[in-house]
Amino acid sequence: MRLRCALRGDRGQVLRTNYRNSKQILDAALTVVADDAFEDLDGERTPGRRDVDLTYHDGDVVRVTRPTVEAHDGELLDALRSLPDGARADTALLCPSMRAIGHYQRLLTQAGIPVCQLEHYDGRAVDAVKIGTYRRAKGLEFKNVLLPRYDAVFTNGTPAGTAGGTETSETARERAELLRSQLFVAMTRARDLLWLGSVTA
């Protein structure tokens, strides 16, 4: 999503226009940050759920929920295998952590699906699934984006890897807000397909 600034006198007006995502994809992403607020260029707090003008209208959100990691990963591989010829060149698999990246890189490699680390990706077309962190994907866009176990970072409302009760409520709130913001960024990298995987165990 790009923010354009139009100046009128000495005031800055923020115009919100999205050139990348369809309504379905943007709505799914905005739901993640709906309760958060951000400062605009004038320093005013703007709600996460906000009106956005769209210029792109084709897109789909696929949600897959399975009871085990193995079943979830099987669905992920099926989704990647079902992509049309040449689509891997414009496909990314994004994860919240390096540990998760290691897991999915091994999974795809063992399945014979070529991968390219985002840190080594220079923007040129390569017939491989791009794999990297939510943070590393900022500023990029892909036709297809897959987010395996995308909601695992919010286990029981506590960010994964955080011992319950060891953070102050303010620190925990800020951390959760940051995680939601990073997830929002990852979701909005998708132009045509956003695949969201969950494990319910």
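Analyst: Contact here means heavy atoms within 4.5 Å. The model is a predicted one.

User: With that definition, which residues is tyrosine 150 in contact with, leaving aside its neighbours within four places in sequence?

Analyst: Tyrosine 150 lies in the loop between β10 and α4. The C-alpha atom of tyrosine 150 is separated by 6.2 Å from that of glycine 197, 47 residues apart along the chain. Leaving aside neighbours within four places in sequence, the contacts of tyrosine 150 are Arg63, Tyr134, Leu183, Leu196, Gly197 and Ser198.

User: Is tyrosine 150 buried or exposed?

Analyst: The cut-off for a buried residue is under 20% relative accessible area. Tyrosine 150 has a relative accessibility of 14%, and therefore counts as buried.

User: What is the phi of arginine 149?

Analyst: Arginine 149 is found in the loop between β10 and α4, and is partly exposed, with a relative accessible area of 33%. Most residues other than glycine have a negative phi. Arginine 149 is not a glycine, yet its phi is positive, at about 50°.

User: Which residues does valine 69 touch, not counting residues up to four places away in sequence?

Analyst: The place of valine 69 is in helix α2, residues 69–81. With a relative accessible area of 24%, valine 69 is partly exposed. Valine 69 and glycine 197 are 128 residues apart in sequence, and their C-alpha atoms are 9.9 Å apart in space. Not counting residues up to four places away in sequence, valine 69 touches Arg149 and Val199.

User: How many helices and strands does the protein have?

Analyst: Of the 201 residues in the protein, 41% are buried. Among contacts with a separation of 6 or more, 72% are between residues 24 or more positions apart. The secondary structure elements of the protein are four helices and 11 strands.

User: How are α1 and α4 oriented where they pack?

Analyst: Helix α1 covers residues 23–32 and helix α4 covers residues 169–187, and their axes are 8 Å apart. The packing angle is about 175°. Angles over 145 degrees count as roughly antiparallel. Therefore the orientation of α1 to α4 is roughly antiparallel.

User: By class, which residues make up the contact of α1 with α4?

Analyst: From α1 come Ile25, Ala28, Ala29, Leu30 and Val32, which meet Arg180, Leu183, Phe184 and Met187 in α4. By class, this contact has eight nonpolar, no polar and one charged residues.

User: Which residues is leucine 94 in contact with, leaving aside its neighbours within four places in sequence?

Analyst: Leucine 94 is one of the residues with the most contacts inside the largest nonpolar core. Leaving aside neighbours within four places in sequence, leucine 94 is in contact with Leu118, Gly132, Thr133, Tyr134, Ala137, Val145, Leu146, Leu147, Pro148, Ala186 and Arg189.

User: What is the relative accessible area of phenylalanine 142?

Analyst: Phenylalanine 142 lies in strand β10. Leaving aside neighbours within four places in sequence, its contacts are Asp90, Thr91, Ala92, Leu118, Tyr121, Lys130, Arg189, Ala190 and Arg191. Phenylalanine 142 is buried, and its relative accessible area is 1%.

User: What distance separates the C-alpha atoms of valine 115 and alanine 128?

Analyst: Valine 115 is found in strand β8, residues 115–117, and counts as partly exposed at 23% relative accessibility. Leaving aside neighbours within four places in sequence, valine 115 is in contact with Gln105, Leu108, Thr109, Ala128, Val129 and Ile131. Valine 115 and alanine 128 are 13 residues apart along the chain, and their C-alpha atoms are separated by 4.7 Å.

Terms used: Residues numbered from 1 in each chain as written. Predicted model: local features only at pLDDT ≥ 70, side-chain atom pairs only at ≥ 80, totals over all residues. Heavy atoms only, no water. Axes fitted to C-alpha atoms, helices over the stretch in contact; angles between N-to-C directions. Helix = DSSP H or I, 4+ residues; strand = E, 2+ residues; numbered from the N terminus. Parallel < 35°, antiparallel > 145°, perpendicular 65-115°, else oblique. Nonpolar A, V, L, I, M, F, W, Y, C, P; charged D, E, K, R; others polar. Buried < 20%, exposed > 50% of the residue type's maximum accessible area, 1.4 Å probe, protein only. Core = buried A, V, L, I, M, F, W, Y, C linked by side-chain atoms within 4.5 Å.
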